[in-house]
Amino acid sequence: MAGATGRRPYDAQVIVPALFTPPTWARTGSLPVVRLWLGSSLMLFLELALIRWLGANIVHLSYFSNFVLLGSFLGIGAGFLISRKPWSVLAVSPILLALVVAGVFLFPVTINREGGDIIYFTSLATNGPPSWLVLPVVFIGVAAILAGPAEAVGRCFGQLDNLIAYRWDLIGSLTGIVGFTVLSWLQAPSVVWGVLATAAYLTLLWGWRRVVAGIACAVTLLCLTAESLGAGISWSPYYKVKLSQEGAYEGKPLYLITVNGVPHQLMGSADFKLTAAEAQYRTPYERRVDSPLRNVLIIGAGSGSDVSIA
């Protein structure tokens, strides 16, 4: 530990805006192991949360999630480089997170489905901002957000012996990954992810910057709460699922199932599927040999319509 702080020189002559000053604990060396573990946990947790949440609200990212992953890698690398500088972006990270979450919440990109035609993913029409605008903004935003926790981790590396730092970085990374995995398995809504990220940010920040971060995190939580309480919204271990009523057939309601912004199928009774829905539901039975079907193999039962028809 002795002499370790010499690895991160800070030039007192450099004047930076108050919001961009390095954290006080970077100078004092206060609790470096705890802060390293917490920063690393937040870094991996945020990365996974952004990959899943952005993919659920921007249809382009549902199938190109590596786009967010690459932005995360860039931000993590930039954060470690910034940890050697006399200025900081840690306090800006929750503000940028609030801007990204609010922007995507207010202007999501979803599939525009007009009429009852089958959707082919080679020719999609979308609602929301165009891809040439959304994708670069998301990439830069994700990189900037992840740079904050990565900077905190990098500054703690400079206060610890190498093996100790790597050990707690690995433990923190696993904590973030396992924590998000458990929340996904429990089908926790997105607001729960935001609460945990908020707690980590407020612990890592200091002074009035913590107040600013608290306001930014409140905006994030407000958006995520509104999303989580939205009608018909639920989270499976993999996707954001929305169930909305789309009329009725012979007095029985019809429900549209949308997954990550993509309309997947219209859930209705067996009578509706056999008489009014697409022919693909009844064709196998119309072409079968004249004998009762004793055993039926259904691949991808969906909402249960195929099982009901069989």
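Q: Which helix supplies the largest share of the lining of the largest cavity?
A: Keep in mind that this is a predicted model. The helix is α2, with 5 residues of that lining. Helices α2, α5 (93-106), α8 and α9 (207-228) each supply at least two lining residues.

Q: How many cavities of 30 Å³ or more does a search of the whole structure find?
A: The search finds 1. The largest cavity holds about 130 Å³ of space. There are 13 lining residues, and the closest to the centre of the cavity are A49, L50, L97, V101 and L224.

Q: What makes residues of this lining nonpolar, polar or charged?
A: The residue type decides. Ala, Val and Leu are among the types that count as nonpolar, while Asp, Glu, Lys and Arg count as charged. By that rule, the lining has 10 nonpolar residues, 3 polar and no charged.

Q: Why is P17 called exposed?
A: The cut-off for exposed is over 50% relative accessible area. P17 has 52% relative accessibility, so P17 counts as exposed. P17 sits in the segment before α1 (24-28).

Q: How do you know that the span of helix α8 agrees with its number of residues?
A: Helix α8 (residues 190-204) has 15 residues. The expected span is 1.5 Å times one less than the number of residues.

Q: Which residues touch the most other members of the largest nonpolar core?
A: They are L54 and W193, in a core of 58 residues. Helix α2 (residues 32-57) gives the largest share of this core, 13 residues. A second, separate core has 6 residues, including F272 and Y281.

Q: What does W193 touch, leaving out residues up to four places away in sequence?
A: Contact means heavy atoms within 4.5 Å. On that basis W193 touches F45, A49, R52, W53, F180, L183, A188 and W235.

Q: What share of the protein counts as buried?
A: Of its 310 residues, 41% do. The protein has 12 helices and 6 strands.

Technical notes
Residues numbered from 1 in each chain as written. Predicted model: local features only at pLDDT ≥ 70, side-chain atom pairs only at ≥ 80, totals over all residues. Heavy atoms only, no water. Core = buried A, V, L, I, M, F, W, Y, C linked by side-chain atoms within 4.5 Å. Buried < 20%, exposed > 50% of the residue type's maximum accessible area, 1.4 Å probe, protein only. Helix = DSSP H or I, 4+ residues; strand = E, 2+ residues; numbered from the N terminus. 1 Å grid on protein atoms, 1.4 Å probe; cavity = no way out; pocket = protein on both sides within 12 Å on 5 of 7 lines; lining within 4 Å. Points joined across faces, edges and corners; volume = space filled by probe spheres on them.
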